[in-house]
Every structure is written in C-alpha cells, then in structure tokens.
Amino acid sequence: MLVNGILLGGLYCLLGIGMTLIFGVMRIINACHGDLLMIAMYLAFFLFTATRLDPFVSILVATPALFAIGCGIYGGLIRRMRREFEESSLILTWGIALVLENLFTLAFSADYRSIVTRYSTNTVTLAGISLSVPMAMSFAVAILLTTALYWFLLRSNLGRAIRAIAENRPAAQLMGINVERVQMISYGIGAALAGAAGAAFSSVFYMFPAIGGLFTVKAFEVIVLGGLGNVVGAFFAGILLAVAESLGAIFISSGLKDAVGFLIFVLVLIFRPAGLFGRGRL
Amino acid sequence: MPQERNNAAEPERGASAQALFGAVTRMREFAALGGLLAPWLVLALLILAAATLPFWSAAQYRDYILDLAILVLLSALGGMSFNLLGGYAGQISFGQAAFFGISAYAFALLFQQLALNPLAAMFLAGVVSAVVCVPVGLILFRLRGAYFALSMLAFAEITRLVAQEWTSLTNGAAGLLFSSAFSDKATSYWVLLIIVIGSVAVTSLLVQSKPGAYFLAIREDQDAAEALGIDSTRYKLMAFTVSAFMMGLAGAFYASYFAYLEPNVVFSSVNFSLNVIIVTLIGGMGRLLGPVIGAAILVLTTELFVHAFGQGNVLMSGLLLILFMLFMPEGLLGKLQKEIDRRRSLRRPV
C-alpha cells in the first residue's frame with residue numbers, strides 16, 4: 001500500500017512539475033492542468049483501441065501532441081488575456097478546463113473507460129514487496145522524465161532562458177530573450193509533462209472527462225507543498241503527497257482522505273508559504 | 001409644440017415666439033429633471049415589472065417563466081455575494097459554494113426539525129453562514145490573491161466532504177428530502193425577489209459608506225491601505241460576513257424551493273462557486289447591478305443553448321467565461337461606463 005503510494009507519487013510529480021514550471025515562468029496557476037492529462041489519457045485510449053498501440057509507446061505520441069496543444073492554448077488564449085486583476089489567469093484557465101471537460105463529455109460521454117493490456121494485472125516482487133507492473137513502469141517513466149527535464153533546465157540554452165525569465169523577467173528581456181516565445185514553450189513543456197503522465201498512467205486509472213478536475217486539485221496541492229515555482233520541491237512534494245494520502249486512507253478513512261489533502265494544503269499555505277522545502281532554485 | 005404654434009394668432013408673432021421660447025426652456029428644465037430621475041424611474045419600472053411578473057406572464061408558460069426568473073434571481077443573489085467580496089473588496093473567493101451548502105442544510109434542519117417559520121429559518125440559516133465565515137476569514141485572510149482564492153476552494157471541498165461523511169446530520173450522499181416551504185411558485189418568487197432587492201439596497205448602502213471606501217482601498221492596494229491605518233483584516237471580514245450571509249440566503253432559498261439536498265449538488269464548486277464568478281464577470285466586477293445583468297444573460301443563453309443542443313449547459317458557462325476574460329474582462333457595465341466616459345471626454349473641451 002505504502003509502496004503503491006510512492007509509485008502514484010510519480011504521477012503527482014509529473015503533474016506538479018509541469019504546473020510549477022508554468023507558474024514559475026508566467027505566474028499563472030494553470031487550472032486546466034488536469035484536463036491536459038485527461039486529453040492525453042483519451043489519446044492513449046483511442047490509440048490503443050484503434051491500433052493496439054501500447055500505452056507506454058503512446059507516450060511518444062501524447063507528449064508532442066500535448067506540447068502542441070499547450071502552445072496552442074497559450075498562444076491562442078492565455079497570451080491574449082488582459083490582466084484586469086491578479087486572478088485573471090486562474091479564472092481563464094478554469095474556464096478552459098470547463099470547456100475541455102464538457103467537450104469530452106459531449107463527444108465521448110461520461111462513461112468510465114480503461115485500457116486493459118496483457119500485463120495490466122501482473123505484479124513483480126521486489127525485495128519481498130509486490131508491485132503492480134503498469135504502476136512501476138509509469139513510475140520509472142516519471143523519474144526518467146523528471147531527470148531529463150532537470151538536466152534540460154540546468155544545461156541547455158532554452159532551459160537557461162526559462163530559468164532566467166522565472167528569476168527576473170525584465171532583465172531576461174533586456175538580455176535578448178524572446179520572452180513570449182520562451183513562455184509559450186514553457187507552457188508547452190508543462191502540458192507535455194501532463195501528456196506523458198496521462199499516457200503513462202492511462203493503463204492504471206479509469207478515465208472519464210471529469211477526472212481532469214481531480215488531478216488539477218492534486219497538482220495544486222503538490223506545487224503548494226513543494227513551494228510555488230520550485231521544480232525540485234514539486235518532485236519531492238509529489239511523492240510526499242502520495243504517501244500522505246495512502247497513509248490517510250489507511251489510518252483515517254478513504255472518504256476523508258481528500259479532505260486531509262486539502263487541510264494540509266491550507267495549513268502549508270498559511271504556515272510555510274514558501275513550501276515545505278523553503279526557497280530552492282527553479 | 002405643434003399644438004402651441006396652431007393656437008398662436010398670426011399678428012402677435014413676437015408674443016408667440018416668446019411663449020414658444022418659454023415652453024422650450026420649461027421643456028429643457030423638465031428634461032434635465034427627467035435625466036436626473038430617469039435611472040430611478042427605470043429602476044422603479046423594472047421592479048414593478050418584476051414584481052408583477054406572475055400576473056402578466058402567459059398562463060400556459062407561467063411556471064416555466066417563473067422557474068427561469070427564480071434561476072436568474074438566485075444566480076444574481078450569489079453573484080452579488082461574490083461581487084461584494086471579490087468585486088468591491090478585491091478578495092476573489094473560489095469557495096462561495098461552502099456557504100451555499102452550509103445554509104441550505106441549516107435551513108433544512110431549522111425548517112424541518114425545529115418546524116420554524118420558513119422566513120425565520122431562512123434568515124437564521126444566513127446567520128449560520130455569516131458566523132461560520134468569521135473563523136474562516138480570520139485564518140484565510142492571511143493569504144492574498146490567488147492563494148486566498150484557492151484556499152477557499154479547498155475550504156469548500158472540505159465542507160462538501162464533511163457533509164458527505166456526516167450522515168447523521170445530512171443523510172450523506174443519499175440526500176435529504178423534505179417538504180417545500182412555500183406552496184406556490186409565485187410566493188417563492190416574491191420572497192426571492194424581495195431578498196434580491198434587499199441585497200442590492202444593502203450592497204449599495206454599504207459600498208457608499210465609509211467601510212465601502214475602505215473596501216476599494218484594500219482592493220486597489222492592501223499595503224497602501226494598511227499604511228493609511230485601515231485594519232484590512234477587519235474590513236475584509238466585514239465584506240466577507242455580509243457576502244456569506246447573502247450566499248447563505250441563496251442556499252436557504254434553494255433548499256426551500258427544491259426541497260432536496262445532496263452534498264455533491266449544493267456544495268458543487270462548478271454549480272455555485274464558479275457560477276457566481278461568471279455571473280459577476282459578465283455584468284462587471286465591482287458594479288452594483290453587474291451580477292443581476294450577468295445572471296439574466298447567463299441563464300437565458302444557457303437555456304437557449306440547452307434548447308438547441310439538448311445538453312452542455314456547463315460548456316456554455318465555460319465558453320462565456322473564456323470570451324469575457326479575453327475580450328471584456330471589465331464586464332458589460334464596465335465597458336458601458338468606459339464608453340460613456342470616453343464620449344464625455346470627447347464632447348467636453350479640455
């Protein structure tokens with residue numbers, strides 16, 4: 001149970017890192033993050049039913065697809081918004097989330113769907129603990145992507161540009177960074193991470209259009225726990241949240257485990273507004 | 001005018017011209033007075049029209065029209081609750097559904113278990129929300145902007161989950177069914193209409209008073225307001241209490257009207273927390289009648305959309321939200337005000 005909690009943490013990590021990246025660079029709380037993940041899940045589902053493409057292979061399709069969708073959402077909608085007040089972007093992205101969720105409900109109905117692969121119910125035993133195979137593979141993908149992103153942000157020129165904007169936007173602009181373009185790419189990367197997570201975990205969860213909202217909330221909790229805009233913090237917070245939830249489900253009640261998550265969220269916001277891990281680098 | 005010219009005799013031209021001039025002056029004065037009184041006149045006529053709606057609406061559609069009107073008024077009331085806190089005091093809350101739900105259940109218990117008069121139960125249910133919001137505000141007003149908004153969302157979700165689990169009080173997810181409070185649809189409508197008019201009046205008085213000025217100061221710049229000696233938490237709390245009370249009245253009315261409560265419906269963030277934001281945004285944040293206009297537009301467009309496509313009312317809300325955020329974030333009344341200001345500044349020589 002606990003180990004499965006940690007494995008689920010991989011999903012929370014990918015979601016949280018994407019969202020925290022978007023927040024760090026653009027100061028936008030992306031309320032449609034979970035819905036991007038939902039799109040990727042459906043994409044993986046239809047690829048699987050149409051061509052029997054393994055959900056883990058469809059990561060290769062879903063990630064660039066969601067990158068494109070993310071760039072489209074940023075360029076087409078978010079960039080055009082006037083900031084009448086601070087919460088504008090939050091309200092706008094919430095609207096996007098509503099539209100996506102309801103479009104999917106109209107198109108594919110609110111039915112629950114799932115991908116059943118050959119190895120869906122397989123387990124492996126590792127050091128005396130049995131792990132579900134798709135869960136473990138998803139976790140491995142999550143770790144891989146997180147590491148890749150970390151190196152990308154740290155070493156590549158684009159990564160440096162992203163960090164520069166997060167640190168000081170006017171200065172980055174003065175240094176000749178095309179801020180609008182880099183912001184669009186950052187939003188795309190955030191969406192792509194959600195896409196990879198969606199495809200990877202599509203064989204683990206049931207999917208239905210409203211699932212996006214649930215994951216958005218989890219992503220909120222992760223980025224607040226990890227410190228807003230803190231990528232490394234989001235990674236550890238994702239795992240921490242998953243563990244806390246599975247502990248909550250064991251020791252309190254499964255009905256109230258989400259309430260525990262919310263309570264932690266509010267408490268951290270009030271007492272540790274910079275997140276559990278203080279101020280780290282992006 | 002033509003009347004006067006006909007009456008004037010041909011030879012006395014000068015006298016008739018004078019009379020004409022006098023008449024025109026008097027008419028001008030009357031028009032100026034009319035301009036001053038016109039908003040009040042329009043308001044009075046609107047209220048009269050709204051109050052007599054059950055009499056003049058076509059008999060075979062009467063129930064349908066009243067249902068729609070009640071929906072408009074209910075959304076408007078929720079919108080006004082959000083507008084006072086978010087539009088005037090600048091504290092955007094994503095969790096107004098919490099007060100809606102709490103009061104809805106409070107009404108059900110007061111009305112059914114204690115057999116209170118429905119109006120008294122409604123008032124007390126509103127008070128319950130107003131009381132609940134005080135500790136919540138004291139804690140959450142330490143946060144600002146988007147953080148406050150999100151933690152209110154978390155608060156609403158916590159209340160929803162608690163309502164779902166606390167089955168001895170709320171009957172949990174199975175829902176609570178009781179007898180409706182007012183036998184007649186028209187009576188319900190009038191009760192709600194009076195609540196809405198009262199809320200408009202209270203908001204109007206409040207925002208024109210001294211605390212109202214403090215609300216605006218806090219909205220524009222909280223640090224500056226505090227530097228001027230405004231106790232921001234106190235005044236935010238004041239706006240929050242009135243706002244929670246209004247939302248509570250909306251929730252209690254909902255309970256009295258539909259007579260069936262379920263945690264996932266009355267605490268629904270999409271149904272209520274978001275709905276009140278959309279309504280306010282359409283009309284204009286921080287505009288007195290913004291939520292009323294927004295509610296009318298939202299309910300009617302949603303109704304048309306559902307008629308045309310059979311479903312997807314939330315889709316319509318989402319689309320409206322995106323369109324207004326992108327193209328008219330100041331709302332219809334805000335846009336109107338800007339346009340009036342622009343015309344005025346063009347006409348007046350600088």
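Predicted model: local features only at pLDDT ≥ 70, side-chain atom pairs only at ≥ 80, totals over all residues.
Chain B comprises 17 helices and two strands. Along the principal axes, the C-alpha atoms of chain B occupy a box of roughly 95 × 60 × 40 Å. Of its 350 residues, 44% are classed as buried. Among the contacts in chain B with a sequence separation of 6 or more, 75% join residues 24 or more positions apart.

The interface between the two chains brings 31 residues of chain A into contact with 32 residues of chain B. On the chain A side, helix H4 (88–108) and helix H11 (257–271) each contribute at least two residues. The greatest contribution to this side is that of H4(A), with 12 residues. Classified by residue type, the side of chain A that touches chain B consists of 21 nonpolar, four polar and six charged residues.

The largest nonpolar core contains 207 residues. The members that touch the most other members are Leu14(A), Leu15(A), Ala40(A), Ala196(A), Ala197(A) and Phe107(B). Helix H12 (residues 232–258) of chain B provides the largest share of this core, namely 15 residues. When neighbours within four places in sequence are left aside, the contacts of Phe107(B) are Ala121(B), Met122(B), Ala125(B), Ala252(B), Ala255(B) and Ser256(B).

Helix H4 of chain B, spanning residues 62–88, has 27 residues. The distance from its first C-alpha to its last is 36 Å, close to the 39 Å expected at 1.5 Å a residue. Following H4(B) is Gly90(B), which has a positive phi near 75°.

Most residues other than glycine have a negative phi. Arg27(A) lies in the loop that joins helix H1 (2–26) to helix H2 (33–51) of chain A. With 15 other C-beta atoms within 10 Å, Arg27(A) falls in the partly exposed class, because that class lies between the limits of 12 or fewer for exposed residues and 20 or more for buried ones.

A positive phi, near 55°, is likewise found at Ala259(B), a residue other than glycine. Ala259(B) is placed in the loop between H12 and strand S2 (260–261) of chain B. This residue has 17 other C-beta atoms within 10 Å and is therefore partly exposed.

A further loop position in chain B is that of Asp184(B), between strand S1 (176–177) and helix H9 (185–208). Asp184(B) has 11 C-beta neighbours inside 10 Å and so counts as exposed. Although Asp184(B) and Tyr257(B) are separated by 73 residues in sequence, their C-alpha atoms are 9.8 Å apart in space.

Methods
Residues numbered from 1 in each chain as written. Chains lettered and ligands numbered in written order. Contact = placed C-beta atoms within 7 Å. Helix = DSSP H or I, 4+ residues; strand = E, 2+ residues; numbered from the N terminus. Nonpolar A, V, L, I, M, F, W, Y, C, P; charged D, E, K, R; others polar. Core = buried A, V, L, I, M, F, W, Y, C linked by C-beta atoms within 7 Å. Expected span 1.5 Å × (residues − 1).
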